[in-house]
Amino acid sequence: MSKRKKNKKIRTDFKQRYDDRTRQNDLTREFNDSDHETTESHERISGKGKLARKRTIRGEEVESDEGTEIILEIDDLCRPGLVLSVHGLNSFVEAENGDVFKCATRKLLKTISTDQRHIVVAGDNIQFRPQADGTKEGLIVRVEPRFGTISRTSRKKQHVIAANIEQMLIVTSAAMPELKPHLIDRLLVTAEKSRIKPIICINKADLVDPADFQPIVGGFSQLGYRTMMVSAETGRSIDVLREILKGKKSVVVGQSGVGKSSLLNAIQPGLGLRVGRVSEENQKGKHTTTAAKLIELSFGGHIVDTPGIRQFELWDVISGEIAGFFRELRPFTDRCKFPNCTHTHESDCLVKNAVADGDLDIRRYESYCLLVEECDENDKRQTQN
Ligand SMILES: Nc1nc2c(ncn2[C@@H]2O[C@H](COP(=O)(O)OP(=O)(O)O)[C@@H](O)[C@H]2O)c(=O)[nH]1
Ligand SMILES: [Mg+2]
Ligand SMILES: [Zn+2]
């Protein structure tokens, strides 16, 4: 952040005639004029004879999780806000005083965005210009750099569905359905990759003898992951969860039926999430876009509600990266003498030796090997299509 360059003029490629295929509402049109003040438009023929549009805009180039981003200059009328949800062309934005504004997005923001980058997503910190007439409407003029993004890959393209997420509540159940440590490992990899702090909740503690789960709870805790047995049914550790969620933006993930909705209802009575049913979004089929939404917690903080990814597993990792996201493997992978070692089948691999010597947990190691295998298979399938 310290290296921001103030109000630099930046030459940038523009998406071709965005406005041709975008229906504009009146709000957007009204504000569009102001874009001309800060931009100069050019059209030129590039080497390949393709028409490219270039513009010079005023803003700053800033590094974020998504690479170099252009942060547009703003004026004194703008206020900071948090995007709660996005519905087509409109976003619901929470201002600092808690008021919610319905905002359109400045045309210039749309044109500088790339295909991978959604212009505005839930969780974005933005600057918006409220309507002068005092109605709770406005225009988003700047999106701040994103950290802790959650994305989904569909048709080989990465789609960011929520931004600035600080915590990932990984919910599993001790029974019904039975605990799947491999699934926890997989979600931990996603959290590590996104640099989101994971918290492991083993729900339905009321159905089992928690003492039986001490080895698995201890194992994850030893790795530095906060892990606890909870119960939406009896209220066990619900107050602890509230404390963890307080003042933070968190996402809740985990297999269907483990009790995510039940836990959230217990954490915040009155939330009224449906329990024991597959959400409608999932029945509509795979290609339905499931927009994320921030749910405000009465004690402070937000939960990202992403019906789609609650069931679909989060995954956006290539096989070679996986070892780096297994915390305990790192000291060994760093010293493994084979530069391209996958640490799965190679003989005399330092990681494998550590497992044999009992220096690494064999369950986690086997889970690692399985993830590498699953990842490679998935890549093969994708390239065949
Ligand atoms: N015994 C027990 N059942 C639970 C608990 N939490 C949820 N359930 C049940 O598990 C089922 C699935 O819960 P739900 O919240 O819909 O799971 P989701 O799919 O992860 O949102 C429902 O029948 C709940 O009543 C719990 O702590 N203990
Ligand atoms: Mg649910
Ligand atoms: Zn190795």
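**Strands, burial and the ligand shell in a predicted model**

Mentor: Strands β12 and β15 pair in parallel over four bridges. The model is predicted, and what follows rests on its computed geometry.

Trainee: To which other strand do bridges join β15, and in what sense do the two run?

Mentor: Three bridges join β15 to β17, residues 302-305, and the two run parallel. In that pairing, K249 stands opposite H302 of β17.

Trainee: Why is β15 called mostly covered?

Mentor: A residue is buried if 20 or more other C-beta atoms lie within 10 Å of its own. Five of the five residues of β15, residues 249-253, are buried. K249, V251 and V253 point one way from the strand, S250 and V252 point the other way, and all are buried.

Trainee: Which residues does V251 contact, leaving aside its neighbours within four places in sequence?

Mentor: V251 is in contact with I150, A162, I165, M168, L169, V304 and T306. V251 also belongs to the largest nonpolar core, which has 71 residues. V251 is listed there among those with the most contacts inside the core, together with V83, V121, A122, A162 and I170. Helix α3, residues 181-194, gives the most to this core, with five residues.

Trainee: How do you know that the span of α3 agrees with its number of residues?

Mentor: The expected span is 1.5 Å times one less than the number of residues. For the 14 residues of α3 this gives 20 Å, and the end C-alpha atoms are 20 Å apart, so the two values agree. The buried residues of α3 include I184, L187, L188 and A191. Residues three or four places apart in an α-helix point the same way, because there are 3.6 residues a turn.

Trainee: Why does K204 count as buried?

Mentor: K204 has 25 C-beta neighbours inside 10 Å, and the threshold is 20 or more. K204 therefore counts as buried. H343, with a positive phi of about 60°, is not a glycine either. H343 has 23 such neighbours inside 10 Å and so counts as buried; its place is the loop between α9 and α10.

Trainee: Is E296 buried or partly exposed?

Mentor: E296 has 14 other C-beta atoms within 10 Å. A residue is buried at 20 or more and exposed at 12 or fewer, so E296, with 14, is partly exposed. E296 lies in β16, residues 293-296.

Trainee: What makes the bond from M176 to P177 a cis peptide bond?

Mentor: Its omega is near -5°, and the bond is cis. Most peptide bonds are trans. P177 is in the loop between β12 and α3.

Trainee: How many bridges join β8 to β9, and in which sense do they pair?

Mentor: β8 and β9 pair in the antiparallel sense over five bridges. Here F128 has I140 of β9 as its bridge partner. F128 is also the bridge partner of R79, and four bridges join β5 to β8, running antiparallel. β8 is mostly covered, since five of its six residues are buried.

Trainee: Which helix gives the largest share of the shell around ligand 1?

Mentor: Helix α6, residues 260-267, contributes three residues, the largest share. The shell has 16 residues, and the closest are E233, G259, K260, S261 and S262. By class, four are nonpolar, eight polar and four charged.

Trainee: Why is α6 said to be largely enclosed?

Mentor: Six of the eight residues of α6 are buried, so the helix is largely enclosed by the rest of the structure. These are K260, S261, L263, L264, A266 and I267.

Key. Residues are numbered from 1 along each chain as its sequence is written. Chains are lettered from A and ligands numbered from 1 in the order in which they are written. This is a predicted model: local features need pLDDT of at least 70, side-chain atom pairs count only at pLDDT 80 or more; totals for chains, interfaces and linings use all residues. A residue is near a molecule or strand if its C-beta atom, placed from the backbone, lies within 6 Å of it. Ala, Val, Leu, Ile, Met, Phe, Trp, Tyr, Cys and Pro count as nonpolar, Asp, Glu, Lys and Arg as charged, and the others, Gly among them, as polar. Two strands pair if DSSP finds at least two bridges between them. A nonpolar core is a set of buried Ala, Val, Leu, Ile, Met, Phe, Trp, Tyr and Cys residues joined through C-beta atoms within 7 Å. Two residues are in contact if their C-beta atoms, placed from the backbone, lie within 7 Å.
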